[in-house]
Amino acid sequence: MGKSMISRVSGRTKLAAGVGGAVGAALLVAACSSGGSSSAGAAASGSPAAAASSSSGASASGGTVIETASSSAGTFLTDGSGRAVYLWAKDTGDTSNCTGACAGAWPPVTATGSVTASGSAKASDLGTITRSDGTKQVTYDGHPLYYFSGDSGPGTASGQGSDGFGAKWWLVAPTGSDVTAAVSSFTPGAAAAPL
């Protein structure tokens, strides 16, 4: 009976199943290979947050700007275009532990030119580290900073409180501490007075 069932499946159905399987395998390979890319490779992929890691937050002089925004949860850091930036609880010291697929989902905030502070962000707390791929990642109070690929653009913070890749992701207060209150959206550029 098993043999007769197989022989009743048309050639067209067999072809469709084979092509569908091949397309699925190709998509899986593409997803896996892009997940392991660096922020530069992620920026080329076209995702809004990935592109932000290489171009957003830049000032007219070509540098990276870290500023602040406010919501009901308080004041926290953004880049110069109003995109939320996060710290990862798994990072230790000023070392980024987010590479490969992690960096695909959470692209590092990279330094272009000088890194400057605006709003309530403190220039003395800004710095950079060199990632394993040679790019300069922006730090604040020793915490490497990241974007979230799931944020649709300025004013969104859908990564807040996520525990992806084994630890929590938090918005960053101007004091350098994590903001643990719920935040999903905010008004970019709405910051408190400088400290």
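Is D125 buried or exposed? D125 is buried, with a relative accessible area of 16%. Here buried means under 20% relative accessible area, exposed means over 50%, and partly exposed lies in between (1.4 Å probe, protein chains only).

This is a predicted model: local features need pLDDT of at least 70, side-chain atom pairs count only at pLDDT 80 or more, and totals for chains, interfaces and linings use all residues. Residues are numbered from 1 along each chain as its sequence is written, and side-chain values use heavy atoms, leaving out hydrogens and water.

**Salt bridge**

- The count comes to 1 salt bridge (a side-chain nitrogen of Lys or Arg within 4 Å of a carboxyl oxygen of Asp or Glu).
- D125 forms a salt bridge with K122, and the closest N and O atoms are 3.7 Å apart.
- K122 is partly exposed, with a relative accessible area of 31%.

**Nonpolar cores**

- A nonpolar core is a set of buried Ala, Val, Leu, Ile, Met, Phe, Trp, Tyr and Cys residues joined through side-chain atoms within 4.5 Å.
- The largest nonpolar core has 20 residues, of which Y86, C98, W106, W169 and L171 touch the most other members.
- Two or more residues of this core come from each of β3 (86-88), α5 (101-105) and β8 (169-172).
- Helices (H or I, at least four residues) and strands (E, at least two) are DSSP runs, numbered from the N terminus.
- The largest share of this core, 3 residues, comes from α5.
- A second, separate core holds 13 residues, including V85, L87, L126 and V138.

- Rings of Phe, Tyr and Trp (its six-membered ring) pair if their centres lie within 6.5 Å; planes under 30 degrees apart count as stacked, over 60 as edge-to-face and the rest as tilted.
- The rings of W106 and W169 are stacked, because their centres are 3.9 Å apart and their planes at 0 degrees.
- This pair links distant parts of the chain: W106 sits in the loop between α5 and β4 (115-117), W169 in strand β8, 63 residues apart.
- W106 and W169 are buried.
- Y146 and W169 form an edge-to-face pair, with ring centres 5.1 Å apart and planes at 90 degrees.
- Y146 lies in the loop between β7 and β8 and W169 in strand β8, so the pair ties together parts that are 23 residues apart in sequence.
- Both Y146 and W169 are buried.
- Ring pairs link Y86, W88, W106, Y146, F148 and W169 into a cluster.
- Leaving aside neighbours within four places in sequence, the contacts of W169 (heavy atoms within 4.5 Å) include L87, C98, C102, G159, Q160 and G164.

**Disulfide**

- A disulfide is a covalent bond between the sulfur atoms of two cysteines.
- The structure holds 1 disulfide, counted as a pair of cysteine sulfur atoms within 2.5 Å.
- It joins C98 to C102, with an S to S distance of 2.0 Å.
- The link of C98 and C102 is left-handed, with -110 degrees about the S-S bond.
- C98 is buried at 0% relative accessible area, and C102 is buried at 4% relative accessibility.

**Q160**

- Q160 is found in the loop between β7 (143-144) and β8.
- Q160 counts as buried, at 13% relative accessibility.
- A polar atom of the Q160 side chain lies 2.5 Å from the backbone oxygen of V179.
- A polar atom of the Q160 side chain lies 2.9 Å from the backbone oxygen of A181.
- Not counting residues up to four places away in sequence, Q160 touches Y86, W169, W170, L171, V179, T180, A181 and V183.

Note on methods
A polar contact is a pair of N or O atoms within 3.5 Å; within protein, one must be able to donate a hydrogen and the other to accept it, and residues adjacent in sequence count only if both atoms are side-chain atoms.
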